[in-house]
Each structure stands twice: as structure tokens, then as C-alpha cells.
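Open the model in your viewer and keep the selection panel at hand. The tour below goes from one interface to its parts.

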Amino acid sequence: MGENSRPLDLLNSAKNKTVLVELKNSHSISGKLIAFDVHINITLEGAEEKKDGETIRKLGNVFIRGDTIILISPTV
Amino acid sequence: MGENSRPLDLLNSAKNKTVLVELKNSHSISGKLIAFDVHINITLEGAEEKKDGETIRKLGNVFIRGDTIILISPTV
Amino acid sequence: MGENSRPLDLLNSAKNKTVLVELKNSHSISGKLIAFDVHINITLEGAEEKKDGETIRKLGNVFIRGDTIILISPTV
Amino acid sequence: MGENSRPLDLLNSAKNKTVLVELKNSHSISGKLIAFDVHINITLEGAEEKKDGETIRKLGNVFIRGDTIILISPTV
Amino acid sequence: MGENSRPLDLLNSAKNKTVLVELKNSHSISGKLIAFDVHINITLEGAEEKKDGETIRKLGNVFIRGDTIILISPTV
Amino acid sequence: MGENSRPLDLLNSAKNKTVLVELKNSHSISGKLIAFDVHINITLEGAEEKKDGETIRKLGNVFIRGDTIILISPTV
Amino acid sequence: MGENSRPLDLLNSAKNKTVLVELKNSHSISGKLIAFDVHINITLEGAEEKKDGETIRKLGNVFIRGDTIILISPTV
């Protein structure tokens, strides 16, 4: 990545790819990243709540409020 | 969804449909999404508090303050 | 409600009616909604703290700071 | 109160009267309301910390930061 | 105090006097109030951490971030 | 560092170097600092979650929301 | 200090001197104060985590996010 890269560049390049999202309440949700904004509000498609790598709940489309998010990691 | 989709698009498309709302206090509320704003304040119609898929309380019309919301998922 | 309804419309229509207010500290307060602002600061008249549907304390007039509120539900 | 009343009207009418203030840390303080601002920062005169209706500490003049306040209730 | 008094007036009149500061982490600090700003960031001189009226630690000059403060009370 | 240094200077000089990031949930993550913004949102490359100096999870590329961060320390 | 002193004056005068920083997670860090901004984001040089006056970890250069800080005290 270039000299002037910004944090949101990573989210931009992760659009339409699967990401793992960790929330402040210790839950993890994975899904295809559809959209995000400057508050880090995001929407996922095909979202699933995960625990220890297992799917424990299917959520489908989901809007996640930015201030509940700790980190977002594109899964390779 | 298109290249330039934004997180609020999902909420827009969920208007007048049933959504599941998860709150920071671990409670879940489902109901018909009537309105939302940029703070993610929302109003639901026919809202019910849910636990393990069961209705434990009927709330009817309800205003939910955005900063208490973790996620909003349209139920298919 | 119409296509362009906003969350505060529900509060507007609940003015001078009895509402149930749930707070982040798990307390519930009911009373007649007199006023609210964009921060969801509200004032109630004839407010009573409730637990399991019972009145446990009479508060009379009360100002509640918006950032302590989870939800506001007009009681029918 | 009129059609266009605002939440701060209640605080305005409570000036120089005794109010009960409940804080997020579960403490209650009563005293004469001297001043408030839009953040709901307030100052009280003759403030006393209360528990179960008993005075447990005399504070005298006190400035209370708005974001620690849950509710303010004028005592009749 | 006059009709149009504001909460910060109390802090202004407490400048160069000893104040008791209670923090959200339940700690109390007393010291001479040197300065404050609109965020209620303050600086104290000769600050001491107090518990049950006893000094448990001497801090000297200290900057306290406003958002950690519950209340500030001038000690007579 | 000069008279007029600013906190973000340290992050600027740490770009493309390995940093240790400590989060409010007590987790630690190390990785190469790729980007940051004024909210202290950051992105890391080759990120690994650490506990007592051991790697307990590989995260790869990761976006970390600024308001979950306590400190960032360049590792020499 | 003068009539019109401001809280940040204390931090300005503490630049390039050793300060003790107490964090909301109960940790303490000491180090030479290099820079700060209006959010009270700070950078320290030669930072060490302290417990009961003992050094328990050496951090070197560190950026600390302002909203995690309770107080900053220059050590004489």
C-alpha cells in the first residue's frame, strides 16, 4: 500500500469480500462486506455469528452500528 | 447491491418489513421498521421483545435510541 | 405512517400521553410525555418508577437525560 | 405546559427549588438548583447525598457534570 | 447567585480554593483548583487522593480529564 | 523530537513498522502499521493477537476502530 | 500560575519532563511527555508501566489515546 494510504482503504478493498467483524460484546460476525460509512457503520450479506470458528447463528443481511465494532478483518 | 451502496440503504429497503434489533443490554426486539435517522434512532410497530426465539413481552409502538443498538437484521 | 416518517414522529404523537421509558440502568419509568428534544432528553409528568408492572416509587415531574434512555413506548 | 414545551423548561422552572438528582453510579444528591446548561451540567446549593431518603453526606455547593446524570426531579 | 447564573460560575468562584473532585472510578481527589475549561478538564495544585477523609496519596500538580469527573465541590 | 511535536508524529514515524496495539477489552494486537486517521482508526498488515508475548491468533490485514484503542507502541 | 491559566498550561509546562499517567483500566504509565493535543492524546518517551511504584513493563515510545486517560501528573 502507498505512502498516503488511509484506514478506510482496507475496507474499500474488502468490499464484496468476506470479512470477520469483532464486536465490543465479544461476539464475532462474518459475512460479505456490502457497504460502510465514516462512522464504520457497515452492512454485511450472508452474515453468520461465529464462536470458535463455528457458525452458531445465521443472520443474513445485517446492519451493524459502527460504535459496537472493535475490528474488521478480511478473511483470505 | 451497487458499487456505491451505503449502510443506510439496507435500512431503507427494510422499511415496513420486520427486523430483528439487538441491543447493547443483550435484549432483542423484533417489529416492523417504520422510521430511522442518521443516529440510527428507529421506530418499530408491533414490537415484541424476544428471547431464544420466543416472545417474552409485547411493546407495540416503540422508539429505540440509536446508541443502544448493536445490529439490525431484516428477517426474511 | 407515511413514506417519509422519522423516528421523532412517534414521540411527537405520544405527547401528553403515557409512555414507558426504559433506562440503561435497567430501571423503567412511566409518565405523561410533556417534552423531548433531539438528544432525546425528555420530561415526564406524574412519573412513577415501575418494576414488574408495579409502581415502586412516585417521582412526579422528572427530567430524564437522553443518553440514559434505551427505548420509549407509548402505552395504549 | 404548552404545545411547544421543551425538556429544559422543567429545569428552568425548578431553579432555586430543591431537586433530586440521580447519577449513573447509583448515587442520589438533593439540593437547591442554582444553574444548568445545555450539557445538563448543573450546580446545586446545600447539596446532600441521600440513601433511602436519609442524608449520608453534606456536600454544600457542588458542580455535577451532565454526562453523569440520569434524571432530575423537582421535589414538591 | 443571580437569575442568569451558569454552572461554570461555581468553578470560577472556586479558583485558587480547595475543591473535592469525585471521579467515575470512585476515587476522590482534593486540591487547589488552578484552571478548568468547557470540557471540565481541570488542573489542581497540591492534589491528594482521599479515602474516607484520609489522604492516601500525594499527587502534587495534576491534570484531570473532564470526562472522568462526576462532581466538583468547593470545600469551605 | 522538536518543540512543536504532536502526538500523531509518533504514529507517522511508525508507519510500515511493527507496532503493539492494546485494546480496551484487554487484548493486544501487533502488526505493521499501514495507515491511521485522526480518530486513531488504524490498519495493520500481518496482524497477530498476542497474549503474554505469545501469538494466539493470526489476523492478517485488520482495521481497528480508534475508540477501542488504549495505546500504540512501536516495537524496536 | 496566573488568573487566566488553562488546564493545558500544566501539560505544556510538563513537556520533556517525566509524568505519571493513570488510565481508565487502572493501569499507570510513566514516561517523558513529548507531545499532547486537545483530545489529550499524548506521546511518551521511555514509557514504563508501573504498579505500586514498581516498573512491571518497559514500553519505550508510546502513543496513548486521550479518552483512556484519567489524570496526568508531573513527577517532581
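Two strands pair if DSSP finds at least two bridges between them. Strands (E, at least two residues) and helices (H or I, at least four) are DSSP runs, numbered from the N terminus.

This is a predicted model: local features need pLDDT of at least 70, side-chain atom pairs count only at pLDDT 80 or more, and totals for chains, interfaces and linings use all residues. Residues are numbered from 1 along each chain as its sequence is written, chains are lettered from A and ligands numbered from 1 in the order in which they are written, and side-chain values use heavy atoms, without hydrogens and water.

**Stop 1: the strand pair.** Select S5(F) and strand S4 (residues 54–64) of chain G; they pair in the antiparallel sense over two bridges. F:Ile72 stands opposite G:Phe63 in S4(G).

**Stop 2: the whole contact.** Now show chains F and G together. Contact means heavy atoms within 4.5 Å. Chain F gives 21 residues and chain G gives 21 residues. About 1700 Å² is buried between them, 59% of it from carbon and sulfur atoms. Buried area is the accessible area (1.4 Å probe) that two parts lose on being put together, summed over both.

**Stop 3: the salt bridges.** How many salt bridges does the rule find across the interface of chain F and chain G? Two. The rule asks for a side-chain nitrogen of Lys or Arg within 4 Å of a carboxyl oxygen of Asp or Glu. Pick F:Lys24 and G:Asp67: their closest N and O atoms are 2.7 Å apart.

**Stop 4: the chain F side.** Color helix H1 (7–13), strand S1 (18–23) and strand S5 (69–74) of chain F; each supplies at least two residues of the side that touches chain G. The largest share, six residues, comes from S5(F).
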